[in-house]
Amino acid sequence: DIRDMITEVYDIPRDNIVFSATHTHSSMTPRVSGVAGQKFREQCLEAAKIALADRKPAQMYASFGRPENLNYRRHFILTDGTYRAYEMGLIDQSLIYGHLGQADNLMQLVKFTREGGKDILLMNHQGHPAGHSEYRNSVVSYIDVVRRNVEKELDCLFAFTLGASGNVNCTTRIKAENVYRSLYETRGAALAEKVVEAAKTTMEPAKTGSIRVLNQTMKAPYKTGNAEGDITMGAFSMGDLAFVTAPYEMFCENGEQIKEASPFS
């Protein structure tokens, strides 16, 4: 319905609108109906208005990086050789032998340098947003820390997109490994440093071209309780770059399979 609303107000073809949300673990998620839901719709419409008014000629750049020790698989091998998925507080840490495989730590950056406007920087990285400390679990998020630090350092507009990370934590749950990373402020600041470094040193011009967009509706591959229905996958590409979205939470293996099968580097 948000896509319908933007189409009606701004006369943009509905199929040209890709709508996706990073699962933040920290937002005030609005209900589909009611005052909060209506406020959310109004905010989306206002965001479209601001974006359309702020269009400027731009040059596109891209970069890649692999920040180490900033995301972790949350599935474990125990000392007796068995496997356990992460269960909050239910695994005796003395019984954990190690993580079951490596997390996908690829960081992707896209920058638009615009004439007469602030640079826009997009970053994609895999890591559950929930904050964590050795004292308690909380719903505060490192993502906003990354955004604030990057925008302050680079004086840009910054957006964080969360890659496939249904089985990836933003912090380790094994106390022997970098416990200090468990503080969400520290983790956010560390990732922001990697973003700023890459944005300053490794950005290369990307080929531009026509924007191609796809919205494909299909039967959901799962049920939520007794609910079953259609889902919409969204994707678009610009020259060398491709973006694909999914309206559900995927494991990092799914993200790696998509990237490996893609014709886009």
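Which order do the five strands of the open sheet have, and with what pairing? The order is E10-E7-E6-E1-E12, and the pairing is mixed, where helices (H or I, at least four residues) and strands (E, at least two) are DSSP runs numbered from the N terminus, and two strands pair if DSSP finds at least two bridges between them. This is a predicted model, in which local features need pLDDT of at least 70 and side-chain atom pairs count only at pLDDT 80 or more, while totals for chains, interfaces and linings use all residues. Residues are numbered from 1 along each chain as its sequence is written, and side-chain values use heavy atoms, with hydrogens and water left out.

At the edges of this sheet stand E10 and strand E12 (204-205), each with a single partner strand, so one side of each is left without a neighbour in the sheet. E7 and E10 run parallel and are joined by six bridges, and Ile 120 stands opposite Leu 157 in E10. Helix H3 packs on the sheet by touching E7 and E10, and its direction makes about 150° with that of E10; contact here means heavy atoms within 4.5 Å, and the axes are lines fitted to C-alpha atoms, for helices over the stretch in contact, with angles from 0 to 180 degrees between N-to-C directions. Helix H4 also packs on the sheet, touching E1, E6, E7 and E10, and its direction makes about 55° with that of E6.

A search of the whole structure finds twelve of them, a salt bridge being a side-chain nitrogen of Lys or Arg within 4 Å of a carboxyl oxygen of Asp or Glu. One of them joins the side chains of Arg 114 and Asp 54 at 3.0 Å, N to O. Arg 114 lies in strand E6 (residues 107-114) and Asp 54 in the loop between helix H2 (34-53) and strand E1 (58-65), so the pair ties together parts that are 60 residues apart in sequence. Arg 114 is buried, with a relative accessible area of 11%, whereas Asp 54, at 27%, counts as partly exposed; buried means under 20% relative accessible area, exposed over 50%, and partly exposed in between (1.4 Å probe, protein chains only).

A second example is the salt bridge between the side chains of Asp 155 and Lys 118, at 3.2 Å, N to O. Asp 155 lies in the loop between helix H3 (142-154) and strand E10 (157-162), and Lys 118 in the loop between E6 and strand E7 (120-125), so this pair ties together parts that are 37 residues apart in sequence. Lys 118 is partly exposed, with a relative accessible area of 40%.

The two helices are themselves linked, since the side chains of Lys 200 and Glu 153 meet in a salt bridge of 3.2 Å, N to O, with Lys 200 in helix H4 (residues 184-201) and Glu 153 in helix H3. Lys 200 is exposed at 54%, while Glu 153, at 48% relative accessibility, counts as partly exposed. Salt bridges that share partners also join Asp 144, Arg 147, Arg 148 and Glu 151 into one network.

Another part of the model is the hairpin of E14 and E15. Strand E14 (residues 230-238) contains Ser 237, and E14 pairs with strand E15 (residues 241-245) in the antiparallel sense over five bridges. Two residues lie between the strands, and Gly 239 takes a positive phi near 60°. Ser 237 has Ala 242 as its bridge partner in E15, and is buried, with a relative accessible area of 7%. Not counting residues up to four places away in sequence, Ser 237 touches Ser 210, Ile 211, Arg 212, Ala 242 and Phe 264.
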